Amino acid sequence: TTFFFFDTLCSFFDTRSSCLEHRMNDSAISFSTAGLLVDESEDENENEDEDLKINSMEKDECKHTAGGDMEHKSNHNHNHNHNHSGNNNDYDDDEEVEEDEEEFPLSDVITMLTIAWKNEKLAPDILDYESEVVERVKQAIDDKECEIDEMEEQLSKTQSIENKMISASIDWYKKEIERIRYVLHSYLRVRLWKIQKFVVHILSDELAYNSLSAAEQKFATKYADLAERNFKECFLKDIPSKYQDVTEPEMVVKPNVNQFVILKANENNDNILIEDNKQHVQLQKGSIFVSRYKNFKKLIGGGSVDLI
Amino acid sequence: MPKNNVSGTALYGQQGVQMLTNLRRAAWLPQYDSDGVRKVIDEINELYRKIHATLMAAKGVDTSEPEARAISCSVVVHHNALLRNKRILCAYHRYRMDVLEDNRWEKGPLLSDFARNKLSSQEQLYFENYSKLLNEYMRDIDVEITANLAPPKELKQEITVVANVGDVQTSSGSSMQLLRNTRQFVNVNDVETLLRNGHVVKTKH
């Protein structure tokens, strides 16, 4: 099944890689890796207890023996085989679970990142910054890379049949990391480009400004400064002072919140008021519909509706 | 160039529009048209003087008289022509800034000589400052977002080195030598910027 998992992911990326990311002019990409990752987590939940016990034992021993068809290993290894990345995620899980029961398991966090990324790409406006998700994912990537380094070291030291398994699975781990890293980078990039495009609007609108992270806010102010300085030096200083303002309302680029988007409902919701509170709408879980972005902006933030 | 059969107020903005069409015609960017910009600025200032003069001369005129209509009409036309010229200048510079930002994302923080020739000194300064700002942001969030611009296809790729690149640091710490006309099997993210710049190409089989 591991091969199946990566084959589908590979073919997915093959079809998508032809569209090089180019600012906001991407056509909307319907994305299904989130589904694959979610499937992973379902498997995990069944074996969670087992993994908990076995993982805590394995912590002391050399734990990075990759899955294979080695029957003399325990069930634990069997889990490795089917959930190679998931199992290591479980491993992170355990440490988290010991500290704080309320944190989401890692595969869920990655799904959340993917959903946030998708929404951000397709929304004309800038959405709230998912700081915990980003932090967790960054942490997880770092942790995983350390693990890979350890595995590679171990590879060069020992000489056994397991080496082939280890080197193969190192490859898979690396690929998985690249994919997750791509999603993370793309999420941050799309936000940055939106900020650049709508910078004057964001700086003047309280709501939009608050959906940025601290670093992004700093970037936004500095970027606006830089652009204004460039304008000033190039021509503004030479024209009459009354006309030197570039932040007049009609000159500001605003995100088009009236744009139509395709949405998918995640929950049953009755009596949603849309069109300036003039119409009622009932949402059923799983239904797909088209509407103006403005009507559902709040629901997207809450997670009850997703853009596709 | 003003057309011969057009006269009067329709002349305003011609220079600006000419600059904008030049923008569209160029492959990347045309040479920074400082003459054109100067002419448009002069036009703006001239319009402003006209407005000022009209208003000065109109002091004391009662707004109910028919004369007032003529005066306000002239002021409105000049004012709007002025605003149009200003918008043209903004659009011209904004477009060039956008192209520069794209360049930073696609090709990295260095400008090629070809690009440098087409820019005014102000624009070169803008490019450097933008690059600095971007680097600062990336340091703040501790993520290098200018890497991984495309969805990952394979982990390793065979490449042919086109330009003499020399030593390159890989992410695992070791360095590899990339000499011209050699082929190597490498991790894609190590050579990503080189691929974008064209110094290194994927081997075709």
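How many helices and strands does chain B have? In this predicted model, in which local features need pLDDT of at least 70, side-chain atom pairs count only at pLDDT 80 or more, and totals for chains, interfaces and linings use all residues, side-chain values rest on heavy atoms, with hydrogens and water left out. Residues are numbered from 1 along each chain as its sequence is written, while chains are lettered from A and ligands numbered from 1 in the order in which they are written.

Chain B has 6 helices and 5 strands, where helices (H or I, at least four residues) and strands (E, at least two) are DSSP runs numbered from the N terminus. Along the sequence these elements follow the pattern α-α-α-α-α-β-β-β-β-α-β. The radius of gyration of chain B, taken over C-alpha atoms, is 26 Å, well over the 17 Å that the globule rule gives for 205 residues, so chain B is more spread out than a compact globule; the rule itself is 2.2 Å times the number of residues to the power 0.38. Taken along the principal axes, the C-alpha atoms of chain B fill a box of roughly 85 × 40 × 30 Å. Of its 205 residues, 40% count as buried, a term that means under 20% relative accessible area, with exposed over 50% and partly exposed in between (1.4 Å probe, protein chains only).

Beyond its neighbours within four places in sequence, Phe235(A) is in contact (heavy atoms within 4.5 Å) with residues of chain B including Val37(B), Ile41(B) and His93(B).

Asp125(A), found in the loop between helix H5 (106-122) and helix H6 (131-157) of chain A, is buried, with a relative accessible area of 8%. Not counting residues up to four places away in sequence, Asp125(A) touches Glu120(A), Lys194(A), Pro255(A), Val257(A), Tyr293(A) and Lys297(A). Of these, Lys194(A) has its place in helix H7 of chain A and is buried, with a relative accessible area of 0%. The C-alpha atoms of Lys194(A) and Ile126(A) are separated by 6.6 Å, although the two residues are 68 residues apart along the chain.
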